[in-house]
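Please look at the sequence and the structure below.

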Amino acid sequence: MLQFDDVRSAAARLKGVAHRTPVLRSSTLDAMLDAQVFMKAENLQRMGAFKFRGGFNAVNLLSDTQRARGVVAFSSGNHAQAVALAARLHDCKATIVMPHDAPLSKVAATRGYGAEVILYDRYREDRALIAQRIVQERGAELIPPFDHLPVMAGQGTTALELIEDCGTLDALIVCAGGGGLLSGCAVAAKHMLPEIAVYGAEPERGNDMQQSLRSGRIVSIEVPRTICDGQQTQAVGRLPFEVIQALVRDILTVPDPVVVAAMRFGFERMKVVLEPSGACALAALMHEPGRFRGQRVGVTLSGGNIDAARFNALLSGAEAVD
């Protein structure tokens with residue numbers, strides 16, 4: 001199982017490479033929720049999301065011989081960009097399997113970092129099988145988006161920095177897809193603050209992790225229909241789930257309209273751009289304020305990779321949100 005030493009070692013590798021993103025505060029939000037909220041702005045991270053941390057750590061840990069054979073990843077967008085950028089920084093070829101309906105801005109950015117992009121149908125094809133076939137054909141190294149200890153360790157540096165910068169927290173809310181960020185942050189947070197309550201946050205329509213944690217086994221679901229494209233995972237990873245079972249108190253779910261409300265608050269009151277998945281943890285806090293009243297609460301703003309047209313469509317109501 002992932003250990004705090006793994007996270008601490010990842011932090012050393014990332015020093016001077018990843019941005020030490022700011023912790024944002026809002027007196028309006030504090031008053032609205034009757035809590036002190038500390039938001040880790042990973043939307044300001046390199047390539048626009050926390051995923052750079054895990055992607056860089058994983059590529060950096062490969063040997064020169066492994067990097068010479070290239071790396072393969074599968075992702076709806078942010079892990080794709082992270083591995084593509086990390087590979088470029090290590091002078092390494094990257095091949096990324098992405099869904100055909102991934103946001104065009106994420107596909108363009110991944111290609112812009114020099115990666116080869118292979119598109120697939122997320123509702124009919126298995127991305128892991130496609131990636132595995134490429135690995136076998138090319139002898140490349142696979143870097144999964146969440147079910148991978150080096151990736152989990154890198155993502156955990158998000159919480160390590162947050163707690164170093166803001167001190168004691170009563171609770172930490174982390175967006176949850178496959179569990180890489182949540183598991184890494186849980187390891188860091190519970191080591192540094194043993195009494196902290198750690199929560200995951202996922203879309204209401206994609207509550208596979210909530211079902212998994214409450215049933216004690218990994219539950220797989222159909223690809224969820226949600227605006228949170230970065231959280232359209234079907235099941236939590238095996239390695240993250242071991243950590244989540246041991247360290248996470250609960251998984252909170254959020255309706256898509258509340259995610260849009262969190263995006264709007266971030267933009268109008270804090271002047272930050274959040275993609276839907278990047279706003280999910282803040283949305284969970286806004287959706288259940290009574291659970292956290294009077295507490296010091298850490299929140300991950302996990303990404304800001306959304307194009308202007310879709311951002312406007314969501315906030316204006318032009319894109320339907322059920």
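## Charges over rings

In this predicted model, Arg25 lies over the face of Phe38, 4.1 Å from the ring centre. A charge sits over a ring if NZ of Lys or CZ of Arg is within 6 Å of the ring centre and within 35 degrees of the ring normal. The charged end of Arg225 is likewise placed over the ring of Tyr123, at 4.0 Å from its centre.

Local features need pLDDT of at least 70, side-chain atom pairs count only at pLDDT 80 or more, and totals for chains, interfaces and linings use all residues. Residues are numbered from 1 along each chain as its sequence is written, and side-chain values use heavy atoms, leaving out hydrogens and water.

## Aromatic pairs

Rings of Phe, Tyr and Trp (its six-membered ring) pair if their centres lie within 6.5 Å; planes under 30 degrees apart count as stacked, over 60 as edge-to-face and the rest as tilted. The count by this rule is three aromatic pairs. The centres of Phe52 and Phe56 are 5.7 Å apart and their planes are at 40 degrees, so this pair is tilted. Phe52 has a relative accessible area of 0% and is buried (under 20% relative accessible area; exposed is over 50%, partly exposed in between; 1.4 Å probe, protein chains only).

Tyr199 and Phe292 form an edge-to-face pair, with 5.2 Å from centre to centre and 80 degrees between the planes. Tyr199 counts as buried at 5% relative accessibility, and Phe292 does at 1%.

## Helix α10

Helix α10 covers residues 208-215, and its buried residues are Asp208, Met209, Gln210, Ser212 and Leu213. Helices (H or I, at least four residues) and strands (E, at least two) are DSSP runs, numbered from the N terminus. Just after α10, Gly216 has a positive phi of about 80 degrees.
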